[in-house]
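Hi everyone, thanks for coming. Let's have the picture up on the screen and walk through a few spots together.

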Amino acid sequence: MVNLIIDGKNVKADKNMMVLEAARSAGIDIPTLCVHESVSRSGACRLCVVEIKKGSRTRIVTSCLYPVEEGLVVDTKTERVQNVRRLVLELLLARCPESDVLWKMAKEMGVEPQTRFAVDTDKGKCILCRSCVRVCEEIVGVSAIGLFNRGSHKTVGTPFMEKSDVCIGCGACVYVCPTGHIEMTSAGDKRKIWGRTFKMQACEKCGKYFAPIDQLKYISKKTGTPLKEMMICTNCR
Amino acid sequence: MMGSGGMIVMDESSCMVDVAKYFTTFLQEESCGKCVPCREGVRRMREILEDICTGKGKEGDVALLEKIATGVADGSLCALGGSAPNPVLSTIKYFREEYDAHIREHRCPAGVCKALITYSIDPEKCTGCGLCVKVCPTQATSGEKKKPHKIDNEKCTRCGACIESCKFDAITVK
Ligand code: SF4
Ligand code: SF4
Ligand code: SF4
Ligand code: FES
């Protein structure tokens with residue numbers, strides 16, 4: 001256990017925690033967008049910034065990536081911190097004006113859209129947080145999607161935006177995306193995602209379409225479980 | 001002024017807003033794009049600087065630039081984003097009046113920003129030699145031999161060729 005001070009409060013934290021978790025465990029809220037419990041952290045959104053004090057020096061750090069330290073003094077609401085958060089939200093609202101998640105967050109933080117910025121119309125709701133790419137690589141293990149191009153031209157998708165033959169249609173990327181950018185539609189025995197249509201397997205007991213056949217094949221190959229044994233959905237198992 | 005430790009020497013013929021725009025454009029291309037403040041903030045600063053250089057600057061733009069610059073410097077992930085706002089912040093600090101001239105008077109004091117300048121010929125100095133007519137790529141200069149010449153501002157692209165050519169310093173930029 002280490003002791004630190006967050007917003008003037010003495011907080012005890014496990015030594016493996018990040019400042020974000022330590023603050024949350026003490027009931028101090030810090031907004032985040034690119035943190036998801038299933039994937040490693042990228043530090044991309046910068047919304048979770050806090051100010052730390054060491055001796056007489058203060059510094060802005062991202063709380064989701066900064067490990068707790070004995071005696072660390074953290075402020076989560078200084079003017080400097082708020083200014084970074086406000087700027088991040090203004091910039092993201094101009095990039096993704098259709099994202100309800102961002103609007104809700106802005107409202108809660110009292111941030112108005114910056115009217116001087118010309119609103120983007122070609123970015124969808126993607127804030128380029130990388131969570132989808134990481135879940136596909138780290139958890140699913142197929143790396144079907146990635147971030148392409150540099151700087152302000154960066155986009156998310158399959159290589160060359162073509163249909164991917166390694167995507168298994170699992171929808172994990174949809175699940176972790178904080179803004180709902182990734183479109184996945186299901187109708188009957190078909191699921192559409194990243195421009196590809198997947199055939200779904202119906203549960204042998206209840207008849208519900210529960211997973212793409214490609215996904216079941218992939219799991220079967222990875223775990224050695226015969227495909228035949230996987231034709232029943234989790235509810236009926 | 002630049003984060004890289006480089007030093008650039010400039011004189012009064014450099015427009016400081018144009019200089020800030022130049023570096024910010026360069027930095028926008030250099031940004032890896034991973035974090036929001038640098039990727040989106042540098043781009044927005046460049047857009048505003050471009051507006052100012054083309055006479056579309058708005059009252060409040062300088063304050064907004066300072067606000068974005070500070071947030072980008074504080075909030076970016078790596079040193080590139082941390083120093084990307086320096087050209088903007090230092091030109092505002094030392095040449096604030098140049099920004100104001102562009103925004104409020106639509107005037108580029110250094111005569112660099114093409115959208116904000118006009119070329120004209122001083123009839124007192126012009127001898128009607130016709131050299132400027134020869135060099136102008138868009139036929140914007142005209143006049144009778146030995147009489148003061150004129151520049152058609154609709155046609156003029158502010159390339160500066162006529163100024164270079166005139167031996168009598170008759171062409172001025174305002
Ligand atoms: S649906 Fe495709 S891209 Fe998305 S996580 Fe699954 S395999 Fe990866
Ligand atoms: S699609 Fe969603 S999860 Fe993927 S980078 Fe964009 S915002 Fe993040
Ligand atoms: S600050 Fe660094 S990490 Fe962030 S976008 Fe700029 S270059 Fe990339
Ligand atoms: S939540 Fe920490 S950088 Fe996005």
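Look at the hairpin of strand 1 of chain A and strand 2 of chain A: two residues sit between the strands, and Asp7(A) takes a positive phi near 50°. Strands here are DSSP runs of E, at least two residues, and helices are runs of H or I, at least four residues, both numbered from the N terminus. This is a predicted model, where local features need pLDDT of at least 70, side-chain atom pairs count only at pLDDT 80 or more, and totals for chains, interfaces and linings use all residues. Residues are numbered from 1 along each chain as its sequence is written, chains are lettered from A and ligands numbered from 1 in the order in which they are written, and side-chain values use heavy atoms, leaving out hydrogens and water.

Strand 1 (residues 2–6) and strand 2 (residues 9–13) of chain A pair antiparallel over five bridges; to pair, two strands need at least two bridges in DSSP. Leu4(A), for instance, has Val11(A) as its bridge partner in strand 2.

Strand 1 also runs parallel to strand 5 (residues 73–75) of chain A, joined by two bridges, and there Ile6(A) partners Val74(A).

So which side chains of strand 1 are buried? Val2(A), Leu4(A) and Ile6(A) point to one face and are buried, meaning under 20% relative accessible area with a 1.4 Å probe, protein chains only.

Technical notes:
Buried means under 20% relative accessible area, exposed over 50%, partly exposed in between (1.4 Å probe, protein chains only).
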